[in-house]
Amino acid sequence: MAGKHSAGVLLFRRTPDRAVEVLLGHMGGPFWARKDLGAWSIPKGEYEPEAEDARTAARREFTEELGLPVPDGAWLPLGETRYSGGKKILTVWAVEGDLDPAAVVPGTFELEWPPRSGRFAQFPEIDRAEWFDAPTARAKLVAGQRPCVDRLAELLAD
């Protein structure tokens, strides 16, 4: 059975004291509304490898989730991460740049809510975006995406 493929962009910036911060989005919708630790994500989304390359998908998904284009900058490959029982493959690039989280206009998705009610509602893909230092980002991210922060730190340490 083939796994699902997702691609994303981990935007990072350097503070005046040269510390690295990454931009994460808090997942939208009722399931995540009252959660914080483990409820944030790298802007990413699914794609079909036969129809689209991962980098194109990462750029598209960043724009769909945040309503803003990926800032100009070099794309640094962070590789693939498998999660969700190994059935989902996430490919991520890091891009150095800056954006104002207040300018984010997230895309939406439709969900039957409450469950089995027959009523559908629109929810934001992310309900807010924020900059975090690496240790905080690791705690906030869903578990399967945490290696991306570690890989970025390793890459920038070289």
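Predicted model: local features only at pLDDT ≥ 70, side-chain atom pairs only at ≥ 80, totals over all residues.
Let me begin with Tyr 83, which is found in strand S5, where strands (E, at least two residues) and helices (H or I, at least four) are DSSP runs numbered from the N terminus. Residues are numbered from 1 along each chain as its sequence is written, and side-chain values use heavy atoms, with hydrogens and water left out.

Is Tyr 83 buried or exposed? At 14% relative accessibility Tyr 83 counts as buried, given that buried means under 20% relative accessible area, exposed over 50%, and partly exposed in between, with a 1.4 Å probe and protein chains only. The C-alpha atoms of Tyr 83 and Gly 144 are separated by 5.0 Å, although the two residues are 61 residues apart along the chain. If we take contact to mean heavy atoms within 4.5 Å, and leave aside neighbours within four places in sequence, Tyr 83 is in contact with Lys 44, Lys 88, Leu 90, Gly 144 and Gln 145.

That brings me to Gln 145, which is found in the loop between H2 and H3 and which, at 1% relative accessibility, counts as buried. Not counting residues up to four places away in sequence, Gln 145 touches Trp 40, Ser 41, Ile 42, Lys 44, Tyr 83 and Leu 90.

Rolling a probe the size of a water molecule over the atoms shows where empty space is left. Here the search runs on a 1 Å grid over the protein atoms alone, and a pocket is an open set of points where a 1.4 Å probe fits, with protein on both sides within 12 Å along at least five of seven lines; lining residues have an atom within 4 Å of a point. The largest pocket has a volume of about 280 Å³, a volume being the space filled by probe spheres set on the points, which are joined across faces, edges and corners. Which residues lie nearest the centre of this pocket? Of the 16 residues that line it, Met 27, Ser 41, Lys 44, Glu 65 and Lys 88 lie nearest its centre. Strand S4 (44–47) and helix H1 (54–66) are the elements that give two or more residues to this lining. By class, the lining has seven charged, five nonpolar and four polar residues, where Asp, Glu, Lys and Arg count as charged, Ala, Val, Leu, Ile, Met, Phe, Trp, Tyr, Cys and Pro as nonpolar, and the others, Gly among them, as polar.

Now to helix H1 itself. At 1.5 Å a residue, its 13 residues should span 18 Å, and the end C-alpha atoms are 18 Å apart, which agrees; the expected span is 1.5 Å times one less than the number of residues. The buried residues of H1 are Ala 54, Ala 57, Ala 58, Glu 61, Phe 62, Glu 65 and Leu 66. Seen down the axis of H1, these buried residues fall within an arc of 135 degrees, so they line one face of the helix, the arc being that of the directions from the helix axis to the C-beta atoms. They pack against S1, S2, S4, S5, S6 and strand S9 (126–133).

Helix H3 (residues 146–157) can be read in the same manner. Its 12 residues should span 16 Å at 1.5 Å a residue, and its end C-alpha atoms are 17 Å apart, which agrees. The buried residues of H3 are Cys 148, Val 149 and Leu 152, and they cover an arc of only 100 degrees around the axis, which puts them on the same side of H3. On the other side of H3, Glu 154 and Ala 157 are exposed. Among the elements that the buried residues of H3 pack against are strand S6 (88–96) and helix H2 (134–140).

In strand S6 we find Val 95, which is buried, with a relative accessible area of 0%. Val 95 and Leu 152 are 57 residues apart in sequence and 10.0 Å apart in space, C-alpha to C-alpha.

Finally, some backbone geometry. Most residues other than glycine have a negative phi, and most peptide bonds are trans. The peptide bond from Trp 113 to Pro 114 is cis, with omega near -5 degrees, and Pro 114 is found in the loop between strand S7 (108–112) and strand S8 (120–124). Arg 116, in the loop between S7 and S8, has a positive phi of about 60 degrees although it is not a glycine, and at 77% relative accessibility Arg 116 counts as exposed.
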